[in-house]
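Let's take a walk through a protein together. Keep the picture open while you read, and find each spot as we come to it.

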Amino acid sequence: MKKTFKVFFLVIMIMTSSQYALGDPATDRRYELLKIIDMEIAEIVRIGRAVSSNPKHLIHLAELNLEKARHFKDLENEKFLKMPLAKTKNINRKHFFKKSRKYVSKAEAYCRTIMKRFPKYPYKGDVYYIMAFNAKEFGRYTKAQQYFLLASKYRSTDPNVKLKAHIALADIFYNQSKFRKAVKHYEIGLHKKIDQWWTKDAYNLAWCYYQVGKYNKGIKQLRQVIKRSSSKKYVNMADQASRDLARFYVQAGRITEAVRYYKKTFSKPGKKLTELGEYLIGQSKYTKAIPILEEAKRMSNRDANLEKRVNFALLKGYGKFGKYKKQLAISQSLMSVFNSKQMSVSEQKIFKYHVTRSFAVAQTRVAGKMYKSRPKQRLALARVVAEFAKLMKKIEPRKEIAYSYLTAEAFYQSKDYKTAATHYREALSLSKRVGNKRYIKLSLDGVAACLGHSKNSKDKVELLAVYSGYLALNPRNKKAHTIYQRLFALQMDDKDLSAAEKTLDTFRKNFKKDEKRSEAMLAKIMDYHLKKEDKVNFNRLYKKVSSGTIPVGPKYAKRLKKIALSLQFQDVQKASSEGQKKRALVLYVNIYRDKNSNAEAKKTSAYNIMRMFYLLGDSKRMYQWADRALSHMNKRDVLKFQVSFSKLAFDLFERRHFDYSYLIYEKVYNRLCGTSSTLVEDGFNNMNVILLSKSTLVAGDKSKINKLLSRARKCGVKKRIVNQVRIDLLKRYLDDHSWYEAYGQFRILSKTRSNWNNLIAPAYTLSQNLSKKRLKKQVSKLYNYSIKVGAPVDINAANSIYQIRRGAFDWQVKQFNKIKLRFPEKRFNSTLEKKFKLLTIMMTKGVKLINLGSSEGVVDVYQTLIRSYETLINSIKNFTPPKRSAAFVKSFKNSMKGVVQALEIKKVQLYKDSHQLIIKHDILHPENFFFTPDVDRSIQYNSIYSGLIMDRGGIR
């Protein structure tokens, strides 16, 4: 009967190896096969009843039911695929494929029966392998993975079953990109299982090594694949392995070996090296690609096409690192190919793109900040730009003017004005030849700018001619607006007042609306006449202003009127100009005290006396006369002289006369309250600064501040500024430990959401000092809202949030430190695995804390993580398995070296990351030295002088 079974099974396997079309059950051979399978099942069942139960029979039944399930699955699939798409959408697939599922369930039931009825069956591996193989074929990969794993653990009638199970598991993990797990099973399976597929599986193992960073192992594996592929016993994988080996060498950093390998292996290594370089360029691994491509270039001297190909790759590689000179050399080499028309259309486009990009990037760098402090390098780069421009003129001759102009711009940015002027003139000449008005204007402006930097008198004459020529062509455009002013300045420098007046007249005619500039130019002429005491010309021009011939604004008209009047009081002005301040002061006082002096004269005299005392440095009298001057002034006058009073009050503040400064600010503020004067807000701010700068805030000071705050909105102070003062007051209360007063300001400020980002740190401080349960929750609420709306959060706020949120991280650290490494092996591995998991959790939580932007968080988290890694490294290094042989201990120590090495690498990376982050964000922290392990920490700086403590106002 056993022979009969074997024959039937062989027939089944042969017949089911072919594909059959779905047809009538009476004629379709698939149905015939199903009948044969049913007969075989019946025969085995009969044998099982006749003799004692045998697990081998059950295994055969499982195999037959699985075969039957496959046939029904084929039939169901064919039927399903022939149905219309609209119908298949509504089909219950579980019900539709129920027959195939039924026989799969039966097969699995037989396998489970074996496990249940024959628990001591020695060959369970066969059962699990059957179940695994079937699950894999039916796309149930999770189940297949479980069964293959069991098959690898139990004995089988065939010793290769275990190895096949390991290989199958490895394939599953490989397809899931779980390369570390795949490595483990490939290594076990390939250790003893040597068949024709060994090369294919070993090739996969090599790529697993590659994916997990074990490049040297991958290289060794590929070399074995190449060696065994030469034998007919194995599947030939030599081409794939040879193709990939050099990549492995490169990834391992063994560039020289990769080059040597190509030279040794291939008849045309230059081509292979080029392909490898192009591949690395495609992977954005430019650092590794460039030396390989340079080697390929050295091997391609006799092959023009290959040299061209290498040059294109190098052009891209050099462009990534900004190696402009090398880019230029390659571009110049390719230019000869471009000129000889040996480039395809696509190559021409690529070449044009790279040269254009290199030119543009280099020119941008010349104008950027990178070379601001390196003039020689900037000039060298400008020369590179000029060479690129020459190439671009050949590639795009229609844009010759533009490239000449851009070359001039590069030299101008490099402050080589002489060379820049030459190129500007070239662009000007080319522009005039074709009548390009745009570049005529730009080039003229460029030449003018260059000549403006020249001290040569001949260049100055040319500059005047350039300006005049430009204005003759463009008397009214935006650029002309600037050129008029430059021409006027040159004429004033030459003291050519007649020409300057003509330029002013022309400017006024062409820019009638710009009275401000006209006034400024007129003022320079008038000031010149005043300086030279040329009353005739001054009065001549003043008559034109007063008669309306030269229109000016009312403010300047008044100023001129005062100047004209002041000429009548030359004694006072002469005394002032000759440095006789005291004499001038006496004259002003006499005017003020004179009974015949009117209110305007008194006001002017008082104001000038105030200024004189300001110049003499007498702060007390300066304040007294400022008070008198203000008593003579109305709101309009105060508006007129607001800048002077502001400077005066600020000067008193700087001289530490805080009370005088405050009183002037107060008087001016009260006069200007409700006006649009900028001094309203400045005065409001400065008065609060003065009050808050005091070492002690008395009740009177607090009352003044509260009064200012209550009137601020009525006086026209913006809410934003009022809030900022309240924030400063809140901080002052916190500094003074006035917790309840600080809380009162906090409650007012918290009503406006735009203040919330500034209240985070104060709220945290209050939560630490007041028994307000809701304050701590409010800190997080304020922070979350600020982050949501993108409001800036300062370092103190970030530190506060860090202190609140660090609890979970600290708890994980505590759990990590609690776990100690113990033996036996299973316990050691489990504790080590827990350590690694906790490290991962700590890293995740730590990153979240670091991302808060807290300086304390950055230092604390990185320091904790580094110390945790150091603790784990030392624990592993110092751990010795107890009661084990010396050989075992040595083997254990060696096996741990790889783990320690990986941890060391991560620790070093943490040092680098933390150090870079601290430098990048200018973090100052007492523990910063921790992240620079090479520094001698015993060296500290101690000043021989003790510090000097001051309050906000600078008082000891």
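Is Lys 907 buried or exposed? Lys 907 is buried, with a relative accessible area of 15%; here buried means under 20% relative accessible area, exposed means over 50%, and partly exposed covers what is in between (1.4 Å probe, protein chains only). Before we go on, a word on what you are looking at: this is a predicted model, where local features need pLDDT of at least 70, side-chain atom pairs count only at pLDDT 80 or more, and totals for chains, interfaces and linings use all residues. Residues are numbered from 1 along each chain as its sequence is written, and side-chain values use heavy atoms, with hydrogens and water left out.

Now zoom out. The protein has 47 helices and 0 strands; both are DSSP runs numbered from the N terminus, with at least four residues (H or I) for a helix and at least two (E) for a strand. Of its 956 residues, 44% count as buried.

Side chains of opposite charge can pair when their charged atoms come close. The rule for a salt bridge is a side-chain nitrogen of Lys or Arg within 4 Å of a carboxyl oxygen of Asp or Glu, and the count comes to 18. One of them joins Glu 870 and Lys 907, at 4.0 Å from N to O. Glu 870 sits in helix H46 (residues 855-878) and Lys 907 in helix H47 (residues 886-920), so this pair ties together parts that are 37 residues apart in sequence. Glu 870 is partly exposed, at 23%. The pair also belongs to a network of salt bridges that links Glu 870, Lys 877, Glu 904 and Lys 907.

Two other pairs are worth a look. Arg 806 and Asp 810 form a salt bridge with their closest N and O atoms 2.9 Å apart. Arg 806 is partly exposed at 23%, and Asp 810 is partly exposed at 31%. In the bridge between Asp 201 and Lys 200, the closest N and O atoms are 3.4 Å apart. Asp 201 counts as buried at 3%, while Lys 200 is partly exposed at 26%.

Stay around there for Asn 204, which is found in helix H11 (residues 198-211). Asn 204 is buried, with a relative accessible area of 10%. Leaving out residues up to four places away in sequence, Asn 204 touches Asp 171, Tyr 174 and Tyr 186.

For another lysine, go to Lys 776 in helix H42 (residues 773-789). Lys 776 is partly exposed at 46%. Not counting residues up to four places away in sequence, Lys 776 touches Ser 767 and Ile 804. Lys 776 and Ile 804 are 28 residues apart in sequence, yet 8.3 Å apart in space, C-alpha to C-alpha.

Key. Contact means heavy atoms within 4.5 Å.
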